Amino acid sequence: MASIVRMPEVLANVTEAAIANWLVQKGQEVAVGAPLAEVETEKAVVEYAAEIGGTVLELLVAEGASVAVGEPIAVIGAPGETSDDAPASPPVAAEQAATTEQAAAPEPETAPEAAPSPVAGAPDTLPSGAAGSAGSTTAGRRFISPIVRRLAKERGIDLDSVRGTGPDGRIVRRDLDRLPQPVAPTAAQPARPAAPSPDAMGGYDEIPLTGMRRAIARRLTESKTTVPHFYVVADARMDALLALRAELNEDGEVKISVNDLLVKAAAGAFRTVPDANATWADTVIRRHRSVDISIAVAIEGGLVTPVLRGVDRRSIGEVATASADLVDRARRGRLKQDELEGGSFSISNLGMYGVKEFSAIINPPQSAILAVGAAAPRAVVEGDQVVVRRVMTVTLSADHRVIDGALAAQWIAAFVDLVEHPVRILR
Amino acid sequence: MPNRSRLEASVDWIRLDSTPDDWKRADPALLIGMLSELHLIRAFEETVLELAGEGLVHGPAHSSIGQEGGAVGSIIGLRSADGVNGSHRGHHQFLAKALTHVTSGRFAIDGIVTGEVDTVLQRTLAEILGLAQGYCRGRGGSMHLQWFEAGALGTNAIVGGGVPMGAGNAWAQRHAGTTDLTMSYFGDGAVNIGSVLETMNLAAAWDLPFGFFIENNLYAVSTEVHEVTGEPRLSGRGPGFGIPAWQVDGMDPLAVHLATEEATARMRAGEGPAVIEAEVYRFFHQNGPYPGSAFGYRSKDEESSWRERDPIARMTRELLALGTITEAQADAAREQAVQAMKEVAGRLVERDPESDGKRRIKPDLWPDPAFVDVGIRGDASELADVPTLEPLEYTGETRSGRFVDSVAGVMHHRMEQDDRIIVLGEDVHRLNGGTNGATKNLAKDFPGRVLGTPISENAFVGLGGGMALDGRYRPVVEFMYPDFLWVAADQVFNQIGKARHMFGGDNPVPLVLRTKVAMGSGYGSQHLMDPAGVFATSVGWRVVAPSTAADYIGLMNTALDLQDPVLVIEHIDLYPLTEETPVDLDYRLPLGKAAVRRVGSDVTMISYLSMVRHSLEAVERTGVDAEVIDLRWLDRASLDWDTIGESIRKTNAVLIVEQGAQGTSYGGWLSDEIQRRFFDWLDQPVQRVTGSEASPSISKVLERAAIARTEEVVAGLERVVAGMGER
Ligand SMILES: Cc1ncc(C[n+]2csc(CCOP(=O)(O)OP(=O)(O)O)c2C)c(N)n1
Ligand SMILES: [Mg+2]
């Protein structure tokens with residue numbers, strides 16, 4: 001009996017993927033676990049392994065072609081079955097068989113959200129407990145519950161990038177509640193009824209949790225309790241950087257912020273110390289080829305951390321433009337889910353509030369975060385002289401599973417060096 | 001050789017014919033009254049056929065031409081307070097009753113059309129044409145003619161369907177201490193239907209002043225009477241039930257009158273019902289302006305031999321012979337009737353400006369289409385001043401007792417206060433409170449008001465409906481098991497449920513029907529339904545399903561106040577439970593208010609009756625943060641949408657929980673309403689817990705498998721949780 005192989009959801013929230021290369025040929029016998037193809041998404045190319053053994057009867061998608069997740073990509077027959085036995089197009093019965101198998105499979109493990117896992121193959125279709133809906137998600141048609149449509153409209157959420165965890169991949173209310181919530185809850189958002197106060201004389205008011213508040217609480221608790229944090233602190237003289245910024249802004253069309261320069265400096269530090277651009281992935285350490293940096297943006301009701309990608313390859317102008325756009329859209333609640341995912345590193349800057357120094361909690365699955373304090377005039381010894389310089393204290397929180405003390409020290413030294421010699425940032 | 005002796009019926013079966021002597025002795029005013037009514041009805045019916053021929057009567061027009069003698073002869077002697085009802089062929093009975101009401105049956109032969117007579121003719125014709133000025137505002141049409149003031153209780157399109165209700169009217173007349181009576185008219189076809197035969201038995205058992213008037217016109221549509229019965233002398237039905245019977249020539253109005261006088265004398269004296277069979281003939285086919293012979297089921301010869309017996313011709317001949325009237329007066333009477341009908345029709349129809357030579361209904365006479373649903377039930381204004389109590393908030397004195405004792409207790413309390421309440425059903429008067437103790441002490445303390453009925457649900461619930469329509473009594477009918485509704489379905493749904501609306505929307509039907517759901521008791525496939533779904537999807541009924549004894553008391557009190565038919569559903573699982581109830585049994589629950597039994601935020605569970613407890617148990621077991629709504633009021637008009645809506649907007653998920661079989665389930669219509677009202681608030685399909693498809697079997701294991709209890713609700717909650725996606 002031939003089975004249909006469907007395009008896997010190799011990354012969370014990916015709705016479409018391409019076959020970069022077929023690693024098997026028509027007629028070839030494959031065993032369970034043997035790589036079938038390299039599947040390419042916007043973010044990654046991953047190997048996709050066979051979940052059933054047998055003979056490859058058909059390859060339905062050409063190399064380079066993109067199809068929706070869940071679309072048939074190949075047909076695998078029972079061992080010994082020849083391609084003559086395969087129908088020209090997948091028969092309905094085969095589809096049903098495949099679906100039933102999926103439905104009978106154990107519930108897929110719940111990947112931690114916002115942790116894109118390239119572990120391929122787990123069907124995203126939950127076994128449906130509801131009466132008799134054996135149908136799988138129709139290609140190109142996402143199931144979205146009515147209340148989700150309503151809330152998404154109210155909250156300005158783009159549902160294209162939301163992963164549905166309801167029956168047949170339906171996007172359900174919990175999938176939205178999980179997202180950082182970019183705007184204050186509107187009146188229409190159901191509030192949990194306040195339980196009658198045990199202390200009637202009234203020591204407190206109860207404020208209903210928003211979805212974002214819950215997400216922050218859950219993720220940061222998880223981070224602080226499961227990620228072994230350690231901290232390195234350094235001071236950087238900012239006079240040169242501030243002067244450079246003034247100069248850049250004199251004639252530039254794009255307004256460059258101090259933060260943009262710090263982001264660029266961080267990227268430069270990673271170029272100098274590439275081993276620090278790594279994250280923990282349970283069984284392996286993942287060293288990243290691109291420097292993707294999250295910037296923390298405070299918004300009404302909480303904060304979000306959109307990712308600036310490929311900072312190392314971008315000019316300061318590009319970084320400034322991209323960063324302004326992310327900040328702007330974050331405040332308007334217009335970020336896409338994938339813009340909130342990934343990256344190995346964050347920068348959190350409380351300098352504008354006059355904070356001298358602080359330490360930050362790592363934003364999983366990243367491995368470090370840089371907490372930036374205010375640049376303020378301080379007495380500094382240069383040579384034998386005490387001089388006044390504008391000095392900024394930065395604190396690097398690092399995940400010790402990935403980054404050891406010496407590595408963190410090297411990185412922060414590289415960072416301070418770049419800040420103090422800012423022209424190199426522009427290289 | 002056995003000994004054989006002949007048994008005699010205990011009552012008389014009489015053939016009655018008039019003699020020349022009878023005609024001489026008859027009051028001339030009575031005879032002139034008969035002739036006048038005959039002419040008016042004949043001219044009226046000719047007008048109806050004429051309009052039907054022009055396509056102006058929507059639906060069938062069952063002509064009574066040829067049969068007027070039976071109706072006029074029997075009705076002209078009745079009082080206004082006497083009731084009549086009839087079936088699809090009822091114009092002549094209705095007109096005879098209405099005309100007799102406005103004239104007392106006395107007419108001046110030279111001026112038979114008084115203003116009141118003219119009004120009767122116009123409003124009746126308007127009703128048949130479906131116009132707003134009709135007696136039932138145009139709703140009833142030809143087959144549902146009702147004018148309570150005149151004692152016209154309403155004609156019926158279910159053959160024989162009006163008979164049980166007529167008996168209820170007779171019960172009220174007798175119980176109120178009057179000597180009034182009710183006469184129900186039906187045909188040779190209808191005589192074979194259960195409603196008629198069950199009611200014959202019931203009326204005889206209870207000595208009701210009720211007449212069964214059979215218009216034997218030899219045909220039911222095209223079927224001949226001797227084809228469908230072994231005893232085509234239909235009055236023969238009476239003696240078998242202990243009812244005396246008369247057979248009479250219906251083409252002779254005086255003979256009919258004389259037979260009726262004999263029969264009604266008995267009825268008014270409290271000696272019980274009577275059967276009168278009048279041999280009549282409809283000159284036309286079942287409906288429309290063609291003779292039956294045109295359809296081949298009878299001959300022209302037969303028709304002309306009956307036409308020679310035309311009651312108007314007979315009446316005229318006799319009056320001329322007696323010298324009571326002159327030939328000129330006889331002709332003039334006919335002319336007056338024809339002229340009156342011309343004028344009446346002229347007020348209702350006009351030349352059609354769009355179609356040459358045709359007429360049309362005057363457009364401004366139609367009812368307003370917005371009237372379509374008005375008066376399906378009352379507006380509940382009768383509850384405006386009654387004090388209500390919410391048991392959830394009650395903090396006063398309580399007493400502890402079994403649920404079933406509250407059932408009997410509240411009824412006892414109300415019967416003490418309200419003489420109008422009458423309880424009827426099978427065995428309600430014995431066994432110390434019926435089969436479950438739900439009517440305990442009632443028979444003992446209220447003699448004559450707790451009626452053990454024969455096993456004929458259709459007749460006794462219909463009789464209750466007739467009592468309710470009469471208005472002097474508040475019947476509380478019990479069905480021992482809900483499934484018996486099917487044998488009573490005509491009276492429950494076609495009659496009681498529709499009576500108010502169908503006859504114009506004004507006349508209330510205050511009736512309470514009690515029944516108990518018995519799933520789990522092993523009574524099997526034909527006893528264990530939940531009737532909520534069938535009633536909630538049928539028009540006219542209100543439905544309550546209390547889950548606590550305190551609610552039961554308050555809901556029963558409100559049900560007894562309401563001017564509408566109310567089904568009160570009980571459950572045998574609840575009967576033995578010991579519960580606290582307010583000491584004072586007078587309180588009412590507000591109409592249409594549900595109870596939130598548990599506040600929660602994950603899913604709105606909607607349930608009623610015993611399943612409320614199972615729902616709460618399932619919530620405990622699963623730990624799902626569900627909001628549990630106990631509906632209390634289940635029907636379309638009384639459902640608490642405010643509470644349901646508020647909850648759904650909070651939880652975005654719904655689980656409707658009920659116990660019984662899928663097919664007749666309650667949740668079907670409710671989930672349909674919910675998805676349309678709250679589509680944008682739902683995060684998953686409306687989920688449901690029901691029994692299986694099959695009706696529960698007797699085998700304990702199969703019965704358990706067929707119904708829902710806590711375990712099935714747990715599974716339902718798990719489906720809801722799966723529908724919520726990943727945490
Ligand atoms: C319960 C029911 N079955 C069938 C009909 C359809 N129907 C209407 S009139 C009629 C014939 C009735 O015959 P009969 O009782 O003799 O009255 P008649 O028409 O002769 O006056 C039938 C079968 C109906 N209205 N109600
Ligand atoms: Mg007949």
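**Entry 1: the magnesium site**

I looked up Asp188(B) and Asn217(B) and found both buried (buried is under 20% relative accessible area, exposed over 50%, partly exposed in between, with a 1.4 Å probe and protein chains only). I note that this is a predicted model, where local features need pLDDT of at least 70, side-chain atom pairs count only at pLDDT 80 or more, and totals for chains, interfaces and linings use all residues. Residues are numbered from 1 along each chain as its sequence is written, chains are lettered from A and ligands numbered from 1 in the order in which they are written, and side-chain values use heavy atoms, with hydrogens and water left out.

Which residues coordinate the magnesium ion (ligand 2)? I found Asp188(B) through OD, Asn217(B) through OD1 and Tyr219(B) through O, at 2.0 Å. Donors are N, O and S atoms within 2.8 Å of the metal (3.2 Å for Na, K and Ca); water is not among the atoms, so sites may look incomplete. Along the chain, the donors follow the spacing D-x28-N-x1-Y. Asp188(B) and Asn217(B) link distant parts of the chain, 29 residues apart. I placed Asp188(B) in the loop between strand E4 (182-187) and helix H7 (194-205) of chain B, and Asn217(B) in the loop between strand E5 (210-216) and strand E6 (219-220) of chain B. Helices (H or I, at least four residues) and strands (E, at least two) are DSSP runs, numbered from the N terminus.

**Entry 2: ligand 1**

I looked at the 15 residues around ligand 1; His88(B), Arg89(B), Ala157(B), Gly189(B) and Tyr219(B) come nearest. Near means that a heavy atom of the residue lies within 4 Å. The shell divides into eight nonpolar, five polar and two charged residues. Ala, Val, Leu, Ile, Met, Phe, Trp, Tyr, Cys and Pro count as nonpolar, Asp, Glu, Lys and Arg as charged, and the others, Gly among them, as polar.

I then checked oxygen atoms of ligand 1. One lies 2.7 Å from a polar side-chain atom of His88(B). For Arg89(B), a side-chain N or O atom is 2.8 Å from a ligand oxygen. Gly189(B) has a backbone N or O atom 2.8 Å from an oxygen of ligand 1. The protein covers 72% of the 590 Å² of accessible area that ligand 1 has on its own (Shrake-Rupley method, 1.4 Å probe; for residues, only the protein chains shown count as cover).

**Entry 3: buried side chains**

Is Asn557(B) buried or exposed? Asn557(B) is buried, with a relative accessible area of 0%, and sits in helix H18 (residues 549-561) of chain B. I found a polar contact of 3.0 Å between its side chain and that of Arg414(B). A polar contact is a pair of N or O atoms within 3.5 Å; within protein, one must be able to donate a hydrogen and the other to accept it, and residues adjacent in sequence count only if both atoms are side-chain atoms.

Thr453(B) is also buried, at 10%. Its side chain reaches the backbone nitrogen of Glu426(B) at 3.3 Å.

**Entry 4: backbone angles**

Most residues other than glycine have a negative phi, and most peptide bonds are trans. I found a positive phi of about 55° at Asp207(B), which is partly exposed at 32%. Asn652(B) has a positive phi of about 65° and is buried at 1%. In chain A, a cis peptide bond joins Pro364(A) and Pro365(A), with omega about 5°.
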